[in-house]
Amino acid sequence: MALSFMEGNEALARGAIAAGCNFFAGYPITPATTIFNSMLSMLPPKGGICIQGEDEIASMGYCIGASMAGKKVMTATSGPGISLYSEQLSFAIGSEIPLVIADVQRLGPSTGSATRGADSDIQFLRWGSTSGVPVIVLAPKDALDCYILTIHAFNYAEEFRCPVFIASNKEIGMTRESFDLDSVTLPPIVERKQFSGDTYLPFEAESDAAPPFLPIGSKTLVRQTSSTHGPDGYITIDPDVIAQNQARLREKIHSARKRITLFEKNIKENTDTLIISYGVTTRAVDDAGKTLEKKGNPVSTLSLKTLWPVPEEVLMETAKPFNRIIVIEMNLGQYINEIRRILCDKKVEFYGQMNGVLIPPAKIMEVVENE
Amino acid sequence: MNSYLNKTRPLVFCPGCTHEKITKSLDKAFINLNLPADKTVIVTDIGCSGLFDTFFNVHALHGIHGRALTYASGLKLANPELNVIVTMGDGGLGIGGAHVLASCRKNLDITLIILNNFNFGMTGGQYSATTPTEALVGSGFLNHAEIPIDICAIAESAGATYVDRCSGHDETLPEKIARAIEHKGFSLIETLGMCTGRYTKKNQLTPKALDQMVIDLPSKGGLIEKNQRPEYGERYRALAREKMIFPEAITIEKQIDLKNYREQEVVILGSAGMRIVTAGDLVCYAGLCAGMNVSMKNDYNITVLRGQSVSEILISPEKIGYPGIKSPSVVLALSDEGVQRKKKIFSTLKPDTFVLKEKSVALPETRANVVEIDFRKLKIKKQDWALASLGIMAKEEKAINKTMLKHALKSRFSEKLYQIAMETIEKTI
């Protein structure tokens with residue numbers, strides 16, 4: 001058995017290559033820069049394209065153009081870059097342009113701390129665009145997750161024709177660690193559904209699915225637009241057409257949410273407490289769980305990997321038998337709002353920390369033990 | 001083809017608007033060049049110039065204000081066969097200025113037609129980056145305190161290989177656009193026009209006056225000789241083709257069997273230039289050679305040549321959970337800066353923690369087992385202190401042993417570097 005040894009950012013880039021990514025555009029920003037570095041060394045030998053944009057807005061624009069030409073595209077940044085991506089994100093969401101966006105989160109607000117981790121952007125990624133159309137956000141806990149979730153991210157982006165975020169964290173992206181890639185089963189690669197009929201209307205689709213795709217440059221002419229459009233890709237003011245399209249943008253992700261819910265759970269018999277967490281924090285939660293079990297005070301844990309769409313069924317089913325729910329986050333309380341919304345009949349406790357360092361297992365034990 | 005204009009989508013510009021003439025000139029240019037419609041894309045942004053993509057039977061991408069060149073660049077890089085034409089108003093020019101400059105510098109084979117009508121037509125005639133200082137526009141007195149830009153002069157200085165300027169009413173505009181499209185590289189053509197819905201209501205402007213403006217402004221006749229160079233896409237692909245070797249991931253085979261190995265936490269406290277990260281890497285490799293799981297976090301300043309450099313390593317027979325340091329088993333204290341960065345840990349160290357302290361380094365109070373070493377006396381250079389410390393760790397069997405270290409050095413270094421490293425390490429053993 002040979003172990004791989006790399007940082008989360010490199011694992012994420014390698015996951016992208018494994019998923020068939022052939023276009024990357026990004027702008028340097030700590031702690032995401034090493035994704036760009038990795039893509040720059042890996043894409044050219046594979047015949048792919050890697051570009052440094054003149055800014056984050058341009059990087060997203062290059063990705064949008066390349067995606068519309070049929071490429072599988074990715075970009076990578078951190079919180080301040082997500083701010084700049086916002087207008088292009090709205091375009092990609094509303095006009096169904098497949099993209100994968102790695103957000104290696106750092107401590108905000110604003111410029112914040114370039115080399116300090118935090119799960120700063122969990123609500124921002126969901127709501128940082130106009131209209132409120134849902135997006136997909138996946139949260140890795142370690143380097144191996146970076147690899148696997150990036151493949152899932154590409155699959156979802158291609159199937160649903162939407163931006164998919166990987167909410168990584170400085171503490172994962174820039175931490176080098178060993179993992180056994182041979183021990184995991186990777187998801188099969190999903191490709192964009194190509195149009196094969198006679199008359200192509202670029203946004204004609206089933207009521208709960210993304211439209212079939214043709215690239216700009218194909219024999220059939222293709223229209224893409226950031227304006228409110230009908231199936232033909234021309235601007236529309238028809239309220240029925242607008243309503244149908246808005247509903248479909250929501251429904252295509254909402255109706256598939258069970259299938260795109262990724263999580264790990266560790267339910268111990270005769271336990272009263274369930275700890276819910278995501279990202280790098282889950283690792284401290286697991287360690288705390290092990291120690292608590294040794295001390296005769298076991299807890300159960302639920303680690304979410306799909307944060308958006310909110311895995312409502314998993315949360316409700318898993319939490320059902322527990323009297324005490326504790327949510328731990330590497331921020332001062334973002335995803336807790338979703339969990340309280342779903343588990344509205346339960347008392348949900350919260351511990352969050354926003355000081356640039358990891359939440360240690362000892363802190364989590366203290367939260368559990370101080371009932 | 002007779003015309004590329006979409007008969008089902010007639011032009012919708014205000015009567016007398018120059019945009020209509022430019023639309024027809026663009027159609028004529030397409031006809032003259034006999035461009036294949038399925039290999040041609042019009043990319044637009046916001047404003048009246050953003051309507052262009054709807055009038056033509058070619059591929060179309062309509063996006064956000066000022067960002068058209070970014071989509072155009074992505075399309076052209078992804079599919080070099082495409083003829084990519086961008087239309088942009090003086091509004092898009094202002095808000096997307098960075099992309100205009102980048103396009104001039106890059107020289108991707110894209111044609112940018114700027115429809116300069118001196119104001120924001122759609123939103124009420126506010127001033128733009130090209131509004132004359134004395135003009136009366138929808139922004140009150142604000143433009144009276146600014147001057148307009150000359151985008152052609154800017155484009156030339158930014159390295160554009162083709163720059164042209166003319167009136168939108170110029171009879172030769174179709175030929176001018178065709179020449180710009182034919183140019184291999186980035187071509188920019190600025191057209192001056194009348195916004196009859198807004199601008200000309202308060203400002204006298206006629207086709208004749210536009211002709212005079214073109215004469216009065218510095219002339220640009222197309223090719224900019226001093227900026228001629230290869231097209232970006234071709235240059236990019238030629239450079240990328242030379243990168244033939246795919247960097248495979250580092251994997252390390254288990255080479256040693258260790259019995260009763262317990263989780264170790266190693267903290268290396270040093271400064272920039274002391275090769276702390278390399279030493280941390282070697283500790284990881286030592287663990288990996290023994291089939292252990294490892295993780296490493298580094299902490300150094302943004303200005304990498306100054307300040308502390310700290311490496312935190314975990315080695316464990318189990319899968320590593322929390323990747324932070326809880327209770328170090330080994331601390332290498334090699335510089336005051338490094339120690340200061342983590343000074344809080346010293347009071348928490350257990351009596352069996354092995355602390356190796358270089359003679360020159362001051363330590364906060366600690367219960368740990370502190371061993372002092374004088375690297376200067378051993379004639380070991382500062383940049384090798386971290387490496388030499390690994391030798392002492394191995395000798396003392398703290399976290400790693402000699403076999404692990406040798407395997408690590410062999411895996412991480414070339415034969416030559418391995419020999420040099422071993423010479424340093426042997427000074428300590």
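1. Phe24(A) stands opposite Met74(A), a residue of strand E4 of chain A. Its own strand, E2 (residues 23–26) of chain A, runs parallel to E4(A) and is joined to it by 2 bridges; strands are taken to pair if DSSP finds at least two bridges between them. Helices (H or I, at least four residues) and strands (E, at least two) are DSSP runs, numbered from the N terminus.

2. The model is predicted: local features need pLDDT of at least 70 and side-chain atom pairs count only at pLDDT 80 or more, whereas totals for chains, interfaces and linings use all residues. Residues are numbered from 1 along each chain as its sequence is written, and chains are lettered from A and ligands numbered from 1 in the order in which they are written.

3. E4(A) also pairs with strand E5 (residues 99–105) of chain A, again in parallel, through 4 bridges. Thr77(A) has Asp103(A) of E5(A) as its bridge partner. Between E4(A) and E5(A) the chain passes through helix H4 (residues 79–94) of chain A, and this β-α-β crossover is right-handed (with the strands pointing away from the viewer, the path from the first strand over the helix to the second runs clockwise).

4. How many residues of strand E4 (residues 73–77) of chain A are buried? The count is 5 of 5, where buried means that 20 or more other C-beta atoms, placed from the backbone, lie within 10 Å of the residue's own. In a regular strand the side chains alternate between the two faces of the sheet. In E4(A), Val73(A), Thr75(A) and Thr77(A) lie on one side and Met74(A) and Ala76(A) on the other, and both faces are covered.

5. Helix H2 (residues 33–42) of chain A is largely enclosed by the rest of the structure, because 7 of its 10 residues are buried. Among them are Phe36(A), Met39(A) and Met42(A). The buried residues of H2(A) pack against strand E1 (2–7), helix H1 (8–19), E2, strand E3 (49–52), E4 and E5 of chain A.

6. Chain A as a whole holds 12 helices and 15 strands, and 59% of its 371 residues are buried. Its radius of gyration, 21 Å, agrees with the value near 21 Å for a compact globule of 371 residues; the radius is taken over C-alpha atoms, and the globule rule is 2.2 Å times the number of residues to the power 0.38.

7. The domain assignment, which is automatic or from a database, divides chain A into domain 1 (4–183) and domain 2 (264–369). Their contact takes 24 residues from domain 1 of chain A and 20 residues from domain 2 of chain A, contact requiring C-beta atoms, placed from the backbone, within 7 Å. In chain B, domain 1 (18–241) and domain 2 (264–426) are assigned, with C-alpha centres 59 Å apart.

8. Between the chains, 54 residues of chain B are in contact with 56 residues of chain A. Helix H3 (68–78) of chain B is one of the elements that give two or more residues to the side of chain B that touches chain A, and H3(B) supplies the largest share, 8 residues. Strand pairing also crosses between the chains: strand E9 (residues 223–225) of chain A runs parallel to E2(B), with 3 bridges. There, Gln224(A) stands opposite Leu61(B).

Key:
Contact = placed C-beta atoms within 7 Å. Buried ≥ 20, exposed ≤ 12 C-beta atoms within 10 Å, placed from the backbone.
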